[in-house]
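I opened this model to work through it one site at a time. These are my notes, in the order I took them.

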Amino acid sequence: LIIMTELSFENKLGNLKDTNSLNIFYFPNFLSKKKSDLLFKKLQSDIPWQKYQIKIFGKTYDQPRLTSFHSIGNKKYNYSQIGIKNNFMTNDLKTLLNLIHKKTDYRFNSVLLNLYRDGMDSNGWHSDNEPELGNDPKIASITLGEERFFHIKHRKIKNLSYKILLKHGSLFLMGEKSQTEWVHQIPKTKKKINPRINLTYRYIY
C-alpha cells in the first residue's frame, strides 16, 4: 500500500497493520520551488562532496555518485565497509531537519547526502539496515534538483514492487519495516538529465 498524501503524518500513523504493507508517506510539495532551487545551488557548492570506493567480489569500484555525511553529536556511520567521514550538520541541514520533525513523529540526528551528477549515477538494490541504525530504521528523504524514479520491492514476495517519481522539493518518509522487509534503488537512466541531490535523514544510536 502506497500512501501519497499531504494530510498530516499523525493522522496516518498506525493505519498499516498488514505485515506486507508498505509504510511510506510522500509529500510532493514539502518545500516551495523557490526554496528548493536556492537550497540545491547552495548544497551543491557548499557541501564537502566525497568520492568513495566500494569492494564487490574482491574488486574495487568508484561509487556511482558523490556522498557527504553530517550529524549532530559526531555520530559515526559505515556502510558497504566504507569508512564515511563525519561532518557537523550545517545550519541549512538543521533547518531541514526541524521541518521534518514538524511533519513526523520520527526523530533523526544525522543525514547522508548523495549527489547524482547525471543519469549514470545511481544506487543499486539495498536497504538501510546497518547496526548503528537500530532494529527497524526509519528514513526521511528530501529530493532537490532532477526528478528520479525510486524503486522498492519486497524481499520475499517477488511481484510486490512499486515505482515512485520523487520530485524537486519533495519529502519521502520510509517508516516501520521499510528497511527490514523491503529493498530499494535509484536505477540508472540513459536519458540526459540534470544533477539531483538526495538528503536521507536517519537516526544513529
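**Entry 1: Asn123**

I started at Asn123, which sits in strand β10. Strands here are DSSP E runs of at least two residues, helices are H or I runs of at least four, and both are numbered from the N terminus. The model is predicted, so I kept its limits in mind: local features need pLDDT of at least 70, side-chain atom pairs count only at pLDDT 80 or more, and totals for chains, interfaces and linings use all residues. Residues are numbered from 1 along each chain as its sequence is written, and side-chain values use heavy atoms, with hydrogens and water left out.

Is Asn123 buried or exposed? Asn123 counts as buried because its relative accessibility is 12%. The cut-offs are under 20% relative accessible area for buried, over 50% for exposed, and partly exposed in between, with a 1.4 Å probe and protein chains only.

I then listed what Asn123 touches, not counting residues up to four places away in sequence: Arg65, Asn114, Tyr116, Gln185 and Ile186. Contact means heavy atoms within 4.5 Å.

Next I looked up the largest pocket, with a volume of about 500 Å³. Arg65, Asn123, Gly124, His126 and Asp128 are the closest to its centre, out of 32 lining residues. Which elements give two or more residues to this lining? They are β3 (53-56), β9 (110-116), β10 (123-126), β11 (139-145), β14 (171-174), β15 (182-186) and β16 (196-202). By residue class, I noted 14 nonpolar, 13 polar and 5 charged in the lining.

For the terms, a pocket is an open set of points on a 1 Å grid over the protein atoms alone, where a 1.4 Å probe fits, with protein on both sides within 12 Å along at least five of seven lines; lining residues have an atom within 4 Å of a point. Grid points are joined across faces, edges and corners, and the volume is the space filled by probe spheres set on them. Ala, Val, Leu, Ile, Met, Phe, Trp, Tyr, Cys and Pro count as nonpolar, Asp, Glu, Lys and Arg as charged, and the others, Gly among them, as polar.

The second largest pocket holds about 210 Å³. Its lining includes Glu146, Glu147, Arg148 and Phe149, as well as Lys188 and Lys191. That lining splits into 4 nonpolar, 1 polar and 5 charged residues.

**Entry 2: Arg117**

I moved to Arg117, in the loop between β9 and β10. Arg117 is partly exposed, because its relative accessibility is 34%. Its side chain makes a polar contact of 2.7 Å with that of Asp121. A polar contact is a pair of N or O atoms within 3.5 Å; within protein, one must be able to donate a hydrogen and the other to accept it, and residues adjacent in sequence count only if both atoms are side-chain atoms.

Pro195 is 78 residues away along the chain from Arg117, yet their C-alpha atoms are separated by 4.4 Å. Leaving aside neighbours within four places in sequence, the contacts of Arg117 are Lys51, Gln63, Pro64, Arg65, Leu66, Asn194 and Pro195.

**Entry 3: the cores**

Which residues touch the most other members of the largest nonpolar core? I found Leu93, Leu113, Ile142, Leu144, Ile197, Leu199 and Tyr201, in a core of 28 residues. A nonpolar core is a set of buried Ala, Val, Leu, Ile, Met, Phe, Trp, Tyr and Cys residues joined through side-chain atoms within 4.5 Å. At least two residues each come from β2 (24-27), α2 (33-46), α3 (91-103), β9, β11, β14 and β16. The most come from α3, with 4 residues.

A second, separate core has 14 residues, among them Tyr26, Tyr116, Ile152 and Met174.

**Entry 4: positive phi**

Most residues other than glycine have a negative phi. I noted Asn74, not a glycine, with a positive phi of about 55 degrees. Asn74 is in the loop between β5 (66-71) and β6 (78-79). Lys177 also has a positive phi, near 70 degrees. Its place is the loop between β14 and β15.

**Entry 5: the whole chain**

The chain has 3 helices and 16 strands. Of its 205 residues, 48% are buried. Among contacts between residues at least 6 apart in sequence, 74% join residues at least 24 apart.
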